[in-house]
Amino acid sequence: MRIVPARNGWLWLVKGFALFRKSPAMWIFLVLTYWIGMALLGQIRYLGMAVSTVLLPAVSVSFMIMCADLDRGVTLRPSLLISGFQSRLVSLSVLGVLYLLSIAGALAIASIADSGALLEWVILGREPPVGAIRDGSVSRAFALAAAVGTPIMMAFWFAPVLVAWDRMGPGKALFYSFFSVLRNWRAFLVYGGAFVLAGAAFLLLTGAIVVITGGLVAAMHFFGIAFTLLTLPTIFGSFYAGYRDIFPGSAKPEEPASR
């Protein structure tokens, strides 16, 4: 497996948007279906969030298959939403369990800063005490969780598709993913900067809507949902573009090994 230096990270978002433009209506339908499914699963107390996290690698492979099909001119179809579950599901599930344990570990470490307020917020849905917010302990916990979570995200960034398409074991996939991101940190820095700019634009637009509608909550919710549905396909497409950029010698879009 060869890891090559990536080009500008912002190009991944450009390519992701190009994939979205090829089938916007079906993209929105598939993302909305996934969103609703995860929301329903999340209603199962405790277990729902754990299961959705374990399934995340397989789901991410489904979206990568969608991108590969669009890349070679194949029309999207609803059945692709479960295509990532059709091969190497055991390895992808192991990866999901490792991801769940890693996130839980990061939150546990962050509890040092706020006595578990952030952990309870994420796991139990309990809002942090006002005192924990005022004294900055929750903010420190966020910062600590981000510091611990960064190498975790690096290791899991490309791991699902490396397991599915390149037939790596979970451990090897995590290794290659981590060092591929580390080697291309400049491209990922630009990529992250593009997200910061997009977030700033979202806040500005939200502020404008607040002014125009007089703070109408329904309008802000509608804008938030619409913005998410329009941007998620681009983000999924950017993952695919980054993978193809950094691992050019891997499984080809015409014949992904997960099929």
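**A colleague's note on the helices and pockets**

1. Let's start where helices H7 and H9 meet: they pack at an angle of about 110°, their axes lying 6 Å apart. Here axes are lines fitted to C-alpha atoms, for helices over the stretch in contact, and angles run from 0 to 180 degrees between N-to-C directions. H7 and H9 are therefore roughly perpendicular to each other (angles of 65 to 115 degrees count as such, those under 35 as roughly parallel, over 145 as roughly antiparallel, and the rest as oblique).

2. Before going on, please note that this is a predicted model, where local features need pLDDT of at least 70 and side-chain atom pairs count only at pLDDT 80 or more, while totals for chains, interfaces and linings use all residues. Residues are numbered from 1 along each chain as its sequence is written, and side-chain values use heavy atoms, with hydrogens and water left out.

3. Which residues make the contact of H7 with H9? From H7 come Pro151, Met154, Ala155 and Phe156, and from H9 come Ala173, Leu174, Ser177, Phe178, Val181 and Leu182; contact means heavy atoms within 4.5 Å. Nine of these residues are nonpolar, one is polar and none is charged (Ala, Val, Leu, Ile, Met, Phe, Trp, Tyr, Cys and Pro count as nonpolar, Asp, Glu, Lys and Arg as charged, and the others, Gly among them, as polar).

4. Now look at H2 and H3, which pack at about 170° with axes 10 Å apart. H2 and H3 are therefore roughly antiparallel to each other. Residues in H2 including Trp27, Tyr34 and Leu41 meet residues in H3, among them Val51, Leu56 and Phe63. This contact of H2 with H3 has 13 nonpolar, three polar and no charged residues.

5. The largest pocket holds about 770 Å³ of space. On a 1 Å grid over the protein atoms alone, a pocket is an open set of points where a 1.4 Å probe fits, with protein on both sides within 12 Å along at least five of seven lines; lining residues have an atom within 4 Å of a point. Its volume is the space filled by probe spheres set on the points, which are joined across faces, edges and corners.

6. Of the 19 residues lining the largest pocket, Leu56, Ser60, Tyr99, Phe236 and Phe239 lie nearest its centre. H3 gives the largest share of this lining, six residues.

7. The second largest pocket has a volume of about 220 Å³. Met154, Val181 and Leu182 are among the residues lining the second largest pocket, and its lining has ten nonpolar, two polar and no charged residues.

How values were computed: Helices (H or I, at least four residues) and strands (E, at least two) are DSSP runs, numbered from the N terminus.
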